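Please consider the following structure together with its sequence.

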Amino acid sequence: MPVLIPRNVDELVEVFQANPQAKLLAGGTDYMVEVNLHGRKPETMISLRRVKELTEWSVRTNQSRITIGAGVPYADMEHGEIARLVPALAQAARTVGSPQIRAAGTLGGNLGTCSPAGDSLPVLAALGATIHVIGPDGNRDIEFADFMVGVKKNSLQPAEFVHSVSLPLVEGWQGYAKVGTRNAMVISTASACLVRDSDEGFVAIALGSVGPTIIRAHAAESWLMKSTSLRAGSQLAPSIAQEFGRRVAQESRPIDDHRSTADYRRHAIGVLAQRLLTRSFS
Amino acid sequence: MSTNIPVSGAAQSHEMYSLRVNGLVHEVEDAWIGESLLYVLRERLGLPGAKGACEQGECGSCTVIVDSKAVCSCLVMAADAVDTEILTVEGLGPDGALTDVQSAFLSEGGVQCGFCTPGFIVAVHHLLENNPQPSDDEIRESLSGNICRCTGYGRILEAVRTVADQRRQNS
């Protein structure tokens, strides 16, 4: 069977409905590894590379939100306007693979694969992203927390695809941090995104690679908001940062695998949480 | 399904499509859909410059330019690369002559076993095309997807600085 190459969203909807068993191909940085090394046998493929609308992004200033198309590559998030508006997403994008991988890999591909180590996913979780999907029954919006349901499992229905991701533009500090065996070309051992809304005095932290899905550390967030002021101009006691790290680590659910141990991951995620919170006050 | 949605091959298991590589159109016949661009370049089109090592996008030895972007050709599905402009290491210099980047790799000793060299050469051309006077950090970052196990990278970085200096003096 061939590679089907729709040029716009209408064609994509049509061709996916006619071939609901087809596999979607975005940047190929996950899928081709499966084909090259793990015996995956592609049959009908639908290429997303040339679907024009998926490569676009836009800002709606009145609603203070940015919408990023599923086909936007990491390279386009590293610098420029997207990086200025969503700095944590830019930081996460810069840690993905290498320049060659970032030129190909896309936000939608990260959501399609839905690995707990997906670098953009903690950012989407911490910011409370809404995923816009299109399928045979039309459009629907899925909150990120309902989108990722397990290790490499999302809640997309047959013949549904990710169109774009909508993120709020937050006043205050946001950052992403990741531990791996080196800086370039590494899959995260533990990763975290912290968003501190200094207008609302609100904090959110989402954890990657330390559970079957991205984990929001809700209990640690609530404790922190009760224990200290997060508004602009306030100070952070080191003991609070340390206790926050300890509480975040308690909410992680890591496993031992070929990349690391549960104990190390639990330790590392606590350090990352403490470090991100401290940075947000510096 | 409407008939006007482009497809890369006939609706059968033996794919036929054409790729535009180094300015020339090559017909690919009787191919399997899962073949990577790296495989098709080397095994079907007689262009063995891009090297295959990890086949998972980690080593960069298969780096080529697709539509002005440096990518790992092992991670590009060849049948999906129709209607793109593909540039390989063979197409960098006119008529097989060495480019300034290749000459600098030789003069600065940036080549030992040579296996990673084509990937580095393509990545350096891409870097200097987009950033003619890169800082040391920018050079390191732009080559972070290419692995060399021989040189220790110092002489490769020197070759990049040499070309950037030459091009500035000649401009």
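This is a predicted model: local features need pLDDT of at least 70, side-chain atom pairs count only at pLDDT 80 or more; totals for chains, interfaces and linings use all residues.

The domain assignment places domain 1 of chain B at residues 15-89 and domain 2 of chain B at residues 94-170. Where the two touch, domain 1 of chain B supplies 12 residues and domain 2 of chain B supplies 11 residues. On the side of domain 1 of chain B that touches domain 2 of chain B, strand S3 (residues 63-66) of chain B gives the most, with three residues. That side of domain 1 of chain B comprises seven nonpolar residues, four polar residues and one charged residue.

The contact between the chains involves 32 residues of chain A and 32 residues of chain B. On the side of chain A that touches chain B, two or more residues come from each of strand S1 (3-4), helix H1 (9-18), helix H2 (31-37), strand S3 (45-47) and helix H6 (99-104) of chain A. By class, this side of chain A has 21 nonpolar, seven polar and four charged residues.

A:Met225 is located in helix H10 (residues 218-227) of chain A. A:Met225 counts as partly exposed because it has 14 C-beta neighbours inside 10 Å, a count that falls between the limits of 12 or fewer for exposed and 20 or more for buried. Apart from neighbours within four places in sequence, A:Met225 is in contact with A:Gly201, A:Phe202, A:Val203 and A:Leu230. A:Cys193 lies 32 residues from A:Met225 along the chain, and their C-alpha atoms are separated by 17 Å.

Definitions and conventions:
Residues are numbered from 1 along each chain as its sequence is written. Chains are lettered from A and ligands numbered from 1 in the order in which they are written. Two residues are in contact if their C-beta atoms, placed from the backbone, lie within 7 Å. Helices (H or I, at least four residues) and strands (E, at least two) are DSSP runs, numbered from the N terminus. Ala, Val, Leu, Ile, Met, Phe, Trp, Tyr, Cys and Pro count as nonpolar, Asp, Glu, Lys and Arg as charged, and the others, Gly among them, as polar. Domain bounds come from an automatic or database domain assignment.
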